[in-house]
Amino acid sequence: MLTQLEYADKVAGVKQTRRALQDGRAKLLFLARDADPGLTEPLVLLAQERGVPVQWIDAMRDLGRACGIAVGAAVAAVI
């Protein structure tokens, strides 16, 4: 699943991902299991409301790497 994220148009980070979900641009939501639930739970609910599939990734480090950033990412979305 992460290879799909590597090559797709994407957003990373809570603010940008929330905006993509609200605007209807997000097609697939990625969440890191080791991220703060206070950050991820509202996005899971928003994704469910919008009918956006959710994919869980084990580590923020792996999600950040797939997004092409040098730090971990709690959330990202394919747009």
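**View 1. R65 forms a salt bridge with D62, with 3.6 Å between the closest N and O atoms.** A salt bridge is taken here as a side-chain nitrogen of Lys or Arg within 4 Å of a carboxyl oxygen of Asp or Glu. R65 and D62 lie 3 residues apart in helix α4 (residues 60–66), so about one helical turn separates them; helices are DSSP runs of H or I with at least four residues, numbered from the N terminus. R65 is exposed, its relative accessible area being 53%, where buried means under 20% relative accessible area, exposed over 50%, and partly exposed in between (1.4 Å probe, protein chains only). This is a predicted model, in which local features need pLDDT of at least 70 and side-chain atom pairs count only at pLDDT 80 or more, whereas totals for chains, interfaces and linings use all residues. Residues are numbered from 1 along each chain as its sequence is written, and side-chain values use heavy atoms, with hydrogens and water left out.

**View 2. R61 also forms a salt bridge with D62, the closest N and O atoms being 3.6 Å apart.** R61 counts as exposed at 52% relative accessibility, while D62, at 22%, counts as partly exposed. R65 has its own salt bridge with D62, and salt bridges that share partners join R61, D62 and R65 into one network.

**View 3. D23 and R25 are joined by a salt bridge whose closest N and O atoms are 3.7 Å apart.** D23 counts as partly exposed, with 49% relative accessibility, and R25 likewise counts as partly exposed, with 35%. The structure holds 4 salt bridges, among them this one between D23 and R25.

**View 4. Helix α2 (residues 14–23) packs with helix α3 (residues 37–50) at an angle of about 15°, their axes lying 10 Å apart.** The axes are lines fitted to C-alpha atoms over the stretch in contact, and angles run from 0 to 180 degrees between N-to-C directions. The angle makes α2 roughly parallel to α3, a description that applies to angles under 35 degrees.

**View 5. α2 passes α3 in a left-handed crossing.** Left-handed means that the near helix is turned anticlockwise from the far one by less than a right angle. The contact, defined by heavy atoms within 4.5 Å, is made by V14, T17, R18, L21 and Q22 of α2 together with L39, L43, L46, A47 and R50 of α3. By class, this contact of α2 with α3 has 6 nonpolar, 2 polar and 2 charged residues; Ala, Val, Leu, Ile, Met, Phe, Trp, Tyr, Cys and Pro count as nonpolar, Asp, Glu, Lys and Arg as charged, and the others, Gly among them, as polar.

Key. Helix = DSSP H or I, 4+ residues; strand = E, 2+ residues; numbered from the N terminus. Parallel < 35°, antiparallel > 145°, perpendicular 65-115°, else oblique.
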